[in-house]
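Subject: Structure handover

Hello,

Here is the structure I promised to pass on. My notes follow below it.

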Amino acid sequence: MLSAFGFGTILVLMIVLRKKWMSPVVALALIPTISCILAGQAKNLGSYIATGVKGVATNGIIFIFAVCFFGILTDAGVFDPLVNGIIKLTKGDVVKVFIGTYLITMVGHLDGAGATTIMIVVPAMLPIYKKLNINKLLMCIPMCIAIGVENIFPWGGPPLRAATVLEMDLIELWLPLIPVQIIGLIVGLIIVIFVGKKEKSRLQAAGQLVDGMTCIKDSQHRTPEQVALLRPKMLLVNWLLIIVVMLLMCLSILPTVAAFMIGAGCSLLFNYRDTNLQKKLITEHGTDAIYMSAILFSAGVLIGVLNQSGMATAMAETMIALVPASMSGLLAPIVAFVSAPLSLLFDPDTIYYGIMPVLVETAESVGVPGVAIGRALLMGSATLGTMLSPLVGAAYMQSGMLGVDLVDEQRVCFKWCWLVSICMGAACMVLGLFA
């Protein structure tokens, strides 16, 4: 029964969001609540929600201060030289912009922190997409693929969870997957080039293809209010501030939320001394930040209800029971194939600590090594599916920074992420990693 309520909650939520019958804040808060009440667990609803919201609270606070930090620096004109430089380097070529987004994401995600990667890539690249009339929704494709493939690095969360369940050395689990990751990145690059060419053709057909050099000249035309906010003499100071904030995060000197809090305060203090202007800028940039943070906290309701009520565990057991005994020997390839879609139904902890132990036990009973299941799950679960999952806070952070709906990201991006996942799973089969 709990399984039915769990699947029903996810299904209704997806339909409501895709049809846009409710805003994400309303749907994420109310639908799980109603499901929990109907499941007869109303008395525990408060504790479920508190646990779920607590889990996403940090990301919500980070988002508020990060949006203010980068928004204030954008007003000051900090990113103009970078944006114009990238446009000159790519000569405004749409395909090269997509490739650049992919490569910058790869470099930015070497530390394995999705939130940090988003904060690095989106402020740098989104203005370029806007200036060149590129559909900003497509920016999620190179980002999601690069982040997903690199989530398999041993310092990422998914391999750590898998190695913990398998009780094996983390490096031993990861080393055989290096060629698989390389294949995934190559397939991802091919997809990014294809998407870039398709978008370039669309812009040409619509007469919206912009010349890069003209784009740079046009970008100099600002309103008097925007010109008044520019701080060209503070360019070096502002870039040093960005570098310091990033180092504080990447080197774990300060928690991410603390780094952005301090960064936002310093950006205002250095560039705009007038307190009324400071208040105005915080209000302007804080409006969108508060809305997206509200979505994050509402997602905490869904996460809390599914995990704490036992719905997620029941859903996992139901899915495992659906695998015929005759196909147990093919369990690893099957898991690899469905691992990316699993991310849309379960949070990473449920996948690795709830579903994986049962799968491992089932596989080992028919002679399939447990490590094969672990590697199969890594092909998509909390890797290539993670930035599109309604159960992962960073996914909302990415859609919020891009200014798009998560359901639209899923519609545009998921097929490509799943394709990369399938190709990596096939590579594992060829390399004998599922045997």
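What is the volume of the largest cavity? It comes to about 40 Å³. Please keep in mind that this is a predicted model, and that every value here is computed from it.

The cavity. The count is one cavity of 30 Å³ or more. The lining of the largest cavity is made by L306, N307, A312, M315, L345, F346, D347 and L391. Two helices, α15 (275-308) and α16 (311-321), are the elements that contribute two or more residues to it. By residue class, the lining of the largest cavity has six nonpolar residues, one polar and one charged.

The second largest pocket. Its volume is about 790 Å³. The lining of this pocket consists of 34 residues, and N59, R161, P348, V392 and G393 are the ones nearest its centre. Two or more lining residues come from each of α3 (45-75), α6 (114-131), α8, α15, α18 and α20 (393-402). The biggest share is that of α3, which gives seven residues. In the lining of the second largest pocket, 14 residues are nonpolar, 16 are polar and four are charged.

The helix pair. Helix α8 (residues 157-166) and helix α18 (residues 348-365) have axes that come within 10 Å of each other and cross at roughly 35°. The crossing of α8 and α18 is right-handed. On the α8 side, the contact is made by P158, R161, A162, V165 and L166. On the α18 side, the residues in contact are P348, D349, Y352, Y353, M356, P357 and V360. The residues of this contact divide into 10 nonpolar and two charged, with no polar ones.

Aromatic residues. There are eight aromatic pairs by the rule applied, which takes ring centres within 6.5 Å. One aromatic cluster is formed by F69, F70 and F260.

Regards

Technical notes: Residues are numbered from 1 along each chain as its sequence is written. This is a predicted model: local features need pLDDT of at least 70, side-chain atom pairs count only at pLDDT 80 or more; totals for chains, interfaces and linings use all residues. Side-chain values use heavy atoms; hydrogens and water are left out. Axes are lines fitted to C-alpha atoms, for helices over the stretch in contact, and angles run from 0 to 180 degrees between N-to-C directions. Helices (H or I, at least four residues) and strands (E, at least two) are DSSP runs, numbered from the N terminus. A crossing is left-handed if the near helix is turned anticlockwise from the far one by less than a right angle, and right-handed if clockwise. Contact means heavy atoms within 4.5 Å. Ala, Val, Leu, Ile, Met, Phe, Trp, Tyr, Cys and Pro count as nonpolar, Asp, Glu, Lys and Arg as charged, and the others, Gly among them, as polar. Rings of Phe, Tyr and Trp (its six-membered ring) pair if their centres lie within 6.5 Å; planes under 30 degrees apart count as stacked, over 60 as edge-to-face and the rest as tilted. On a 1 Å grid over the protein atoms alone, a cavity is a set of points where a 1.4 Å probe fits but cannot get out, and a pocket is an open set with protein on both sides within 12 Å along at least five of seven lines; lining residues have an atom within 4 Å of a point. Grid points are joined across faces, edges and corners, and a volume is the space filled by probe spheres set on the points.
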